[in-house]
Amino acid sequence: MPLFMLDTNVAGAIVRGSPQAEARLQALSRDEWCISAVTRSELRFGLELMPRPAALASLIDTFLDLAPTAPWEKAAADEHAKLRARLKQSGRSIGTYDAMIAAHALCLRAVLVTDNKRDFGQVDGLATENWLLP
């Protein structure tokens with residue numbers, strides 16, 4: 001069974017109660033899925049910008065308490081540098097944090113679970129799935 005890494009948009013959908021994504025996640029054991037430390041940061045950043053995040057903060061805190069978080073380590077940083085160079089040389093571009101998450105998934109040989117095929121589809125060798133489709 002592959003490791004599934006949830007992108008920020010899928011993690012957010014699970015927090016908001018997406019039945020499709022929740023069902024897929026509940027079918028996995030804790031060692032079969034994770035989020036990147038980058039995704040954790042993005043979720044926390046979003047909370048910091050909200051004027052009254054109390055209800056959503058509680059949901060996100062609960063999710064983050066349960067979510068195995070893959071640490072950003074040397075191998076991920078090295079993969080990120082290679083990925084950025086390949087994208088730049090080929091004239092392609094994705095967001096900074098998306099590139100970090102993609103590199104992290106590549107480094108861990110994880111399937112990235114995302115609704116963002118436009119950006120992540122530009123990353124050669126990255127396996128993706130969309131759990132938000134019915």
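The secondary structure of the protein, taken from a predicted model, consists of 7 helices and 5 strands. Read from the N terminus, these elements follow the order β-α-α-β-α-α-β-α-α-β-α-β.

The overall dimensions were examined next. Along the principal axes, the C-alpha atoms occupy a box of roughly 45 × 35 × 30 Å. The radius of gyration is 15 Å, which agrees with the value near 14 Å that a compact globule of 134 residues would have. Of the 134 residues, 43% count as buried. Among contacts with a separation of 6 or more, 68% are accounted for by residues 24 or more positions apart.

The accessible surface of the protein amounts to about 7500 Å², and carbon and sulfur atoms contribute 54% of this area. The charged side chains number 15 positive and 16 negative, with a distance of 5 Å between the centres of the two sets.

Helix α3 covers residues 37–49. With 13 residues at 1.5 Å a residue, this helix should span 18 Å, and the 19 Å between its end C-alpha atoms agrees with that expectation. The buried residues of α3 are V38, T39, L43 and L47. Their cover includes the strands β1 (4–6) and β2 (33–36), together with the helices α1 (8–15), α4 (54–66) and α6 (96–108).

Within helix α3, T39 has a relative accessibility of 0% and therefore counts as buried, the cut-off for this class being under 20%. Leaving aside residues up to four places away in sequence, T39 touches L6, D7, T8, A11 and I101. The C-alpha atom of T39 is separated by 16 Å from that of L3, a residue 36 positions away along the chain.

R109 is located in the loop between α6 and β4 (111–113). This residue is not a glycine, yet its phi is positive, at about 55°. The relative accessibility of R109 is 74%, so the residue counts as exposed, a class that begins over 50%.

Methods: Residues are numbered from 1 along each chain as its sequence is written. This is a predicted model: local features need pLDDT of at least 70, side-chain atom pairs count only at pLDDT 80 or more; totals for chains, interfaces and linings use all residues. Side-chain values use heavy atoms; hydrogens and water are left out. Helices (H or I, at least four residues) and strands (E, at least two) are DSSP runs, numbered from the N terminus. The radius of gyration is taken over C-alpha atoms; the globule rule is 2.2 Å times the number of residues to the power 0.38. Buried means under 20% relative accessible area, exposed over 50%, partly exposed in between (1.4 Å probe, protein chains only). Contact means heavy atoms within 4.5 Å. Accessible areas come from the Shrake-Rupley method with a 1.4 Å probe; for residues, only the protein chains shown count as cover. Lys and Arg count as positive and Asp and Glu as negative; His and the chain ends are not counted. The place of a charge is taken as NZ of Lys, CZ of Arg, CG of Asp or CD of Glu. The expected span of a helix is 1.5 Å times one less than its number of residues.
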